[in-house]
Amino acid sequence: MKYINDYELCAGLEVHVELKTKTKIFCSCKTDFGAEPNTQVCPVCLGHPGTLPTLNERAVEYALRAGLCLNCRISELSGFDRKNYFYPDLPKAYQISQYEKPICEGGFLSIETESGEKKIGITRIHMEEDAGKLLHTKERGTLIDYNRAGVPLIEIVSEPDIRSPEEAVAYLRELRSILLYAGVSDCKMNEGSLRCDVNLSVRKKGVAEMGTRCELKNLNSFKFIEKAMEYEYRRQIEVLEGGGEIVQETRRFDESSGKTFSMRKKEKQSDYRFFPEPDLLRVEISEKMIAEVRSSLPVLPKERREKYCESYGIPISDGVILTQDRKIADWFEKAAPLTRYPKTCANMILSEIMAFDESESLPERISPENMASLCDMAGDGTINSAVAKKLIRRMWKSDIDPEKVVADEGLAQIRDRETIRTFVKSAIEAMPKAVEDYKKGKETASRSIVGKAMGLSSGKAAPDIVALLVEEELLKL
Ligand SMILES: [Zn+2]
C-alpha cells in the first residue's frame, strides 16, 4: 500500500475481566461457568423492583490486587454509578459501574518489544457487573441466560500507547499472565472471562494530535485481534487518502472475511445519563487494607524474567515465554538451582516441553530433581542432544531417573575417536551414491553419511566428532 509508511497506528485497549469470586458482585448467586441457563439467579440479579444490592468484599479485594500489580494509584474513596441503557440482557435497564471515581487510576504495564522494554499506560480500572448472555437461535428466537448477569468484572482501560498489532498482543499476553499470577481471574478468552475491545485511530507520522478512533468489538482471540487491527489500520488510511473522514463508530470484526463492519455510531458518554448509585455506600479503602493486599502479592513475570536473565543468562524474550504460566515458572525456579546448566533447562522447556500437549502439566509430570540430572548430563556431554530429547519424551510419560536409564541402557555419548571412526567407515562403505555425489562437489552429501554413522552408533556418537571424521575420511578417498 502506497501511503502506509506515512502513517502511524494508535491504539488503546479496553479489557473486561471476570473476577473469579465464588458469588456475584451484588448478590450471593453462584458464578460457575457452564451451569444450566437461569439456574444461578435471584431477584437481585434479575432486577426485581424493591431489591437492594450488597457489595461483595472479595470483588473489591481482587480489583485492588489487579490495580497494585499494574502499578496503579488506589482511590481511598471510590463509588458506583448507574449507567443507563436499554438492552434485554440488562434486566434493571441500567448497569452498576464506576464512572466518576474508579477504584484504580494511572498505572502502567511493561512489554518487551524488538527495540526493548516499553511501558503502556493504564488510564483506569473500574469495577462493574456483567450483563446476561443473549443466545440467538433459529427455532426459538433470542434466548437470554441471566447466569452471567451480576458476575463481577473489572474493566482495564489503557492509554492509546500501542503502535502495532504485535504490541497489542504483547500487552494482552502480559496483562493476562499478571492477572493469572495475581489469582484474580482465570482469564479464559474462550469462556469470555477475558474480553477485549480495541480503540484504533491513525495519524500522519510526526503529528501530535490523535485521529478519530473506531472501536473494534467482539474480538475473542489474539489472532483475531491482530487481524482486525491490521485490516482497520489499512481501511482508515484508505479512507483518509481518498479524501474522506473517519467517523467515530463501533465496528464488528467478521472472522470469515477478515474485515470490519460498522455496527452503530458510538454512543457518547452523555447518552448513558450516569448518576451515583443511590443504593450503595461509597467504597473506602484504608492504608492498612492496601498494605495487606500488597504483602500477599506474588513475584510478577517481569521481575522473574529479569532475574533469569541476570542469574542464568537467559534472553529476556525466552524469559517472557517461560514466565507466562506461573506453574511452569515456579517449577523452573525449583529445577534451575539444582543443575549446573540452568540455561539448558530453560531451553529444554522452551523447545521440547512446550511442544507437548498440555505442557502446563509439567510440574505434575517431571520432578525438578530428575530434570536437573538430565540437564547436567546434557550440559557436560555425558549424553548428546538426540538422547536428551528421547529421554525427555520418556520422562514426560513417567517420571524416571534419567541417570539410571543412561547407565542401565548404555546411552552415554561415545566420544572415542577410533570407535567413531569405525562407524564412519561403515557408513561410507554403505553409501557409494552419497560418496559419488560428494566427489562431484555436492557438499551436502556428507550430511547423509553423518546421519548414517549416527544411526550405526544407535544415536550415541558425539555429532561434532562424527562430522569431523566424515570430512576426514572423505578427503582420503
Ligand atoms: Zn443473584
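Let's start with the metal. The donor residues of the zinc ion follow the spacing C-x1-C-x12-C-x2-C in sequence. This is a predicted model, so keep that in mind throughout. The donors are Cys 27, Cys 29, Cys 42 and Cys 45, each through SG. Their distances to the zinc ion run from 2.2 to 2.4 Å.

What is the arrangement of the 4 donor atoms around the zinc ion? It is tetrahedral, because the donor atoms subtend angles of 100 to 115 degrees. Take one pair from this site. Cys 29 and Cys 42 are 13 residues apart, and the pair links distant parts of the chain. Both sit in the loop between strand S1 (7-18) and helix H1 (57-69). Are Cys 29 and Cys 42 buried or exposed? Both are buried.

Next, the overall layout. The chain divides into domain 1 (4-292), domain 2 (301-409) and domain 3 (417-476). Between the C-alpha centres of domain 1 and domain 2 there are 37 Å. Domain 1 brings 8 residues to the contact, and domain 2 brings 12.

Now the interface area. The size of an interface is often given as the accessible area lost when the parts come together. Domain 1 and domain 2 bury about 870 Å² between them. Carbon and sulfur atoms give 52% of that.

Moving on to helix H8, residues 342-351. Its buried residues are Pro 342, Cys 345, Ala 346, Met 348, Ile 349 and Leu 350. What covers them? The cover includes helices H5 (301-312), H6 (316-322), H7 (326-335), H10 (368-379) and H11 (385-397).

Asn 84 is in strand S4 (residues 81-84). Asn 84 has 10% relative accessibility, so it counts as buried. Beyond four places in sequence, Asn 84 contacts Ala 93, Tyr 94, Asp 271, Tyr 272, Arg 273 and Phe 275.

Outside its sequence neighbours within four places, the contacts of Glu 129 include Ile 25, Phe 26, Tyr 94, Ile 96 and Val 151. Tyr 94 is also on the contact list of Asn 84.

Last, backbone angles. Ala 93, another contact of Asn 84, has phi near 70 degrees, a positive value in a residue other than glycine. Ala 93 lies in the loop between S4 and strand S5 (94-97). With 21% relative accessibility, Ala 93 counts as partly exposed. Asn 71 also has a positive phi, near 60 degrees. Where is Asn 71? In the loop between H1 and strand S2 (73-74). At 39% relative accessibility, Asn 71 counts as partly exposed.

That's the tour.

Methods:
Residues are numbered from 1 along each chain as its sequence is written. This is a predicted model: local features need pLDDT of at least 70, side-chain atom pairs count only at pLDDT 80 or more; totals for chains, interfaces and linings use all residues. Side-chain values use heavy atoms; hydrogens and water are left out. Helices (H or I, at least four residues) and strands (E, at least two) are DSSP runs, numbered from the N terminus. Buried means under 20% relative accessible area, exposed over 50%, partly exposed in between (1.4 Å probe, protein chains only). Contact means heavy atoms within 4.5 Å. Donors are N, O and S atoms within 2.8 Å of the metal (3.2 Å for Na, K and Ca); water is not among the atoms, so sites may look incomplete. Four donors count as tetrahedral if all angles lie between 85 and 135 degrees; four count as square planar and six as octahedral if opposite donors are over 155 degrees apart and all others between 65 and 115; anything else is irregular. Domain bounds come from an automatic or database domain assignment. Buried area is the accessible area (1.4 Å probe) that two parts lose on being put together, summed over both.
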